[in-house]
Amino acid sequence: MARRHRMIKASPAAVWAVLADGSKYADWVVGTESSEPVRGQWPEVGASLRYEVQLGPVHLTNETVVRYREEGSLLELEAKAGPLGTARISLQLRPWGDDCLVTVDEHPLNGAAGALHNFGLEAVIQLRHRAMLARLAHVCEDEQAHPKNAEDAARYRASGARHA
């Protein structure tokens with residue numbers, strides 16, 4: 001089970017706002033080129049996004065479904081990757097002073113990734129998580145420092161978020 005954490009210099013509310021915006025999925029998920037809603041209202045349980053992954057000249061279309069959530073603190077996803085199988089991805093947010101400690105926990109559920117799950121695959125997932133959390137931090141910290149619109153600015157002020 002690959003587990004990694006990162007301190008993000010943004011409030012948990014600011015981090016949740018990014019996770020709850022399905023249009024930003026490709027901004028922080030490593031390997032994802034684009035995303036679009038398939039059904040439901042992201043991040044409600046059962047809602048899903050279709051996303052495209054590019055591996056060199058190959059383009060794959062996959063889907064991620066929200067399986068569980070606790071508003072503002074926990075988002076659990078099932079990523080479907082065709083013959084590679086599915087994976088459970090849990091993102092937990094905890095306040096840490098003015099910042100947010102984000103923990104990602106991922107493990108294969110079935111398919112080839114589940115059958116071949118070993119130390120080597122764990123190492124690859126750890127590298128992916130490191131990059132993913134760095135991208136998430138960049139998006140959250142940038143949005144908190146430079147809100148794109150008045151609604152975002154009001155939300156960040158109401159959350160007690162710091163501005164850079």
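**Note on the predicted model: contacts, burial and side-chain pairs**

1. Residues are numbered from 1 along each chain as its sequence is written, and side-chain values use heavy atoms, with hydrogens and water left out.

2. The protein chain has five helices and seven strands, taken as DSSP runs (helices H or I, at least four residues; strands E, at least two) and numbered from the N terminus. Their order from the N terminus is β-α-α-β-β-β-β-β-β-α-α-α.

3. Of the 164 residues, 41% count as buried, where buried means under 20% relative accessible area, exposed over 50% and partly exposed in between, with a 1.4 Å probe and protein chains only. Helix H1 (residues 12–19) is largely enclosed by the rest of the structure, because seven of its eight residues are buried; among them are Trp 16, Val 18 and Leu 19.

4. Three aromatic pairs are found in the whole structure, a pair being rings of Phe, Tyr and Trp (its six-membered ring) with centres within 6.5 Å, stacked if the planes are under 30 degrees apart, edge-to-face if over 60 and tilted for the rest. Tyr 25 and Trp 28 pair edge-to-face, at 5.6 Å centre to centre with 70 degrees between the planes, and both residues are buried. The rings of Tyr 25 and Trp 42 are also edge-to-face, with centres 6.1 Å apart and planes at 75 degrees. Tyr 25 lies in helix H2 and Trp 42 in the loop between strand S2 (32–39) and strand S3 (48–55), so this pair ties together parts that are 17 residues apart in sequence. Tyr 25, Trp 28, Trp 42 and Tyr 51 form one aromatic cluster.

5. The count of salt bridges (a side-chain nitrogen of Lys or Arg within 4 Å of a carboxyl oxygen of Asp or Glu) comes to 11. Lys 9 and Asp 99 form one of them, with the closest N and O atoms 3.9 Å apart; the pair links distant parts of the chain, 90 residues apart. Asp 99 counts as buried, at 12% relative accessibility.

6. Arg 88 and Glu 76 meet in a salt bridge at 3.3 Å, N to O. Arg 88 lies in strand S6 (residues 86–96) and Glu 76 in strand S5 (residues 74–80), and a network of salt bridges links Arg 3, Glu 76, Arg 88 and Asp 105.

Terms used. Predicted model: local features only at pLDDT ≥ 70, side-chain atom pairs only at ≥ 80, totals over all residues.
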